[in-house]
Amino acid sequence: MRHEVTDADTAEAVGSGDVPVLATPRLIAWLEAATVRAAAPFTGPGLTTVGTAVRVRHLQATPVGGQVEVSAEPPPGAPGRRLTFAVRAVDGSGEVVATGEIDRVVVDRADFLAAVPD
């Protein structure tokens, strides 16, 4: 998944800092979106995944207008309900912007939503 950094994606805009570069929370959101896509083969009718942990190192700043390609590598084999994805972000020049892991758990969508407090 490729993203272009806009003013709305900066640390200034999201409140995570005061510099006009890609905000770590936005980068993590993009990485999580990549895990949702990569988790699709592990779900079936009525199932979805929810995020449970994020371990990401944001290694390099990306300016407004910069391109970031995010990816999520699914776990090998048939991993069961708990999925740990290796995630990575690379900028337009090929420099690594971030690496880490994101955990997701396969849940029954209806049961999960029914258990959410009002």
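**Sheet, core and loop in a predicted chain**

Tutor: Glu4 stands across from Gln67 of β3. The model is a predicted one, in which local features need pLDDT of at least 70, side-chain atom pairs count only at pLDDT 80 or more, and totals for chains, interfaces and linings use all residues. Residues are numbered from 1 along each chain as its sequence is written, and side-chain values use heavy atoms, with hydrogens and water left out.

Student: What makes β1 and β3 a pair of strands?

Tutor: Two strands pair if DSSP finds at least two bridges between them. β1 and β3 have three bridges, in the antiparallel sense, so they qualify as paired.

Student: How many helices and strands does the chain have, and what counts as one?

Tutor: The chain has three helices and five strands. Both are DSSP runs numbered from the N terminus: a helix is H or I over at least four residues, a strand is E over at least two. From the N terminus, the order of elements is β-α-α-β-β-β-β-α.

Student: Which strands are called edge strands, and why?

Tutor: The five strands form an open, antiparallel sheet in the order β1-β3-β4-β5-β2. β1 (2–4) and β2 are the edges, each pairing on one side only. From one strand to the next the twist averages 25°. α2 packs on this sheet and touches β1, β2, β3, β4 and β5, its direction making about 45° with that of β3. Such angles run from 0 to 180 degrees between N-to-C directions, with axes as lines fitted to C-alpha atoms, for helices over the stretch in contact.

Student: What makes a group of residues a nonpolar core?

Tutor: It must be a set of buried Ala, Val, Leu, Ile, Met, Phe, Trp, Tyr and Cys residues joined through side-chain atoms within 4.5 Å. The largest such core here has 19 residues, and Leu27, Leu31, Val68, Val70, Phe85 and Ala89 have the most contacts inside it. At least two residues each come from α2 (24–39), β3 (67–73), β4 and β5. α2 gives the largest share, six residues. In soluble globular proteins, nonpolar side chains tend to be buried together.

Student: Leaving aside neighbours within four places in sequence, which residues does Leu31 contact?

Tutor: Val56, Val70, Ser71, Val87, Arg88, Ala89 and Ile102. Contact means heavy atoms within 4.5 Å.

Student: Why is Thr6 called neither buried nor exposed?

Tutor: Buried means under 20% relative accessible area, exposed over 50%, and partly exposed in between, with a 1.4 Å probe and protein chains only. Thr6 has 35% relative accessibility, so it is partly exposed. Thr6 lies in the loop between β1 and α1 (11–14). Between Thr6 and Val54 there are 48 residues of sequence separation and 23 Å in space, C-alpha to C-alpha.

Student: What share of the chain is buried?

Tutor: Of the 118 residues, 31% are buried.
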